[in-house]
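Trainee: I am new to this structure, and I would like to learn how its features are read. Could we go through them together, one at a time?

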Amino acid sequence: FGIITIVKIRSALLASVSQTNFAAAEKAADTIEAAVHDTLVNIRIIMENNRFESQGRDDREWTLQLLLKSFPQIFSMTVIDVSGRPVLKVTKEDTFAPGNLAKRPDIKAALGLNGATKKIRRISKTESGFLILPVDLFFFDPLTRENSFALTLEINMNRLLEIVSDAHILNAGYLYVLDEHGEIVFYPDKSVALARERATYN
């Protein structure tokens, strides 16, 4: 049979496993991207169908609270006017008054660009270790033919990843996520992520 043949078989098996794992990782990434996309599309549809722009403050707050309950992956939602001034922010725990929120000149500039529909910003990590993906959605007023307001969503990627991993997209194994330093930020066993373990140590 020969040692060389055994080495070739082992190399072929390792290559096969590597290709399978890479394909599974690509499928997981596509599924995560699709989950973010579907979240944004569905929220936009609900906002437009409920004519959010014409609602009063109480109705707007109620609509945002309803959206937060319907989309557990959303951490917070902030409505921003054309001047870049936040007029309402709602989280699962609280509602913030406009005076407590910083102006967003970047939103003012983005709203002035007709045709812009969204801006996905860089993921950040909270002190608790949660991954937050901020996304600005821009809403177009067909009467004025200009963007009329923005809705900033903070997507809790840990919660989104839990939803994705529950779908058993990998068929075998499990999904975990590392940051740029190799630190585990999402893992099926939450204690591993909370311990800030590094994959290189395991």
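**Reading the aromatic pairs**

Mentor: Let us begin with the rings, where a pair is counted if the ring centres lie within 6.5 Å; by this rule there are two aromatic pairs. In one of them, the rings of Phe 52 and Phe 149 have centres 5.7 Å apart and planes at 35°, so this pair is tilted. Please keep in mind throughout that the model is predicted.

Trainee: Which parts of the chain does the pair of Phe 52 and Phe 149 link?

Mentor: The pair joins distant parts of the chain, since Phe 52 sits in the loop between helix H1 (3–49) and H2, while Phe 149 belongs to strand S7 (residues 146–156), 97 residues apart. Both Phe 52 and Phe 149 are buried.

Trainee: Why does the pair of Phe 139 and Phe 149 count as stacked?

Mentor: Planes under 30 degrees apart count as stacked; the rings of Phe 139 and Phe 149 have their planes at 0° and their centres 4.7 Å apart, so the pair is stacked. Here Phe 139 lies in strand S6 (residues 131–141) and Phe 149 in strand S7, ten residues apart. Phe 52, Phe 139 and Phe 149 together form one aromatic cluster.

Trainee: Is Phe 139 buried or exposed?

Mentor: A residue is called buried when its relative accessible area is under 20%; because Phe 139 has a relative accessibility of 4%, it counts as buried. Phe 149 is likewise buried, with a relative accessible area of 6%.

Trainee: What does Lys 118 touch, leaving aside residues up to four places away in sequence?

Mentor: Lys 118, which lies in strand S4 (residues 118–120), touches Leu 40, Asp 136, Leu 137 and Phe 138 when those sequence neighbours are not counted. Lys 118 is partly exposed, with a relative accessible area of 42%.

Trainee: Where is the confidence lowest, and where is it highest?

Mentor: The protein chain has a mean pLDDT of 78, and 72% of its residues score at least 70. Confidence is lowest in helix H5 (residues 190–194), with a mean of 52, and highest in strand S1 (residues 74–80), at 93.

Definitions and conventions. Residues numbered from 1 in each chain as written. Predicted model: local features only at pLDDT ≥ 70, side-chain atom pairs only at ≥ 80, totals over all residues. Heavy atoms only, no water. pLDDT = per-residue confidence, 0-100. Helix = DSSP H or I, 4+ residues; strand = E, 2+ residues; numbered from the N terminus. Buried < 20%, exposed > 50% of the residue type's maximum accessible area, 1.4 Å probe, protein only. Contact = heavy atoms within 4.5 Å. Phe/Tyr/Trp six-rings, centres within 6.5 Å; stacked < 30°, edge-to-face > 60°.
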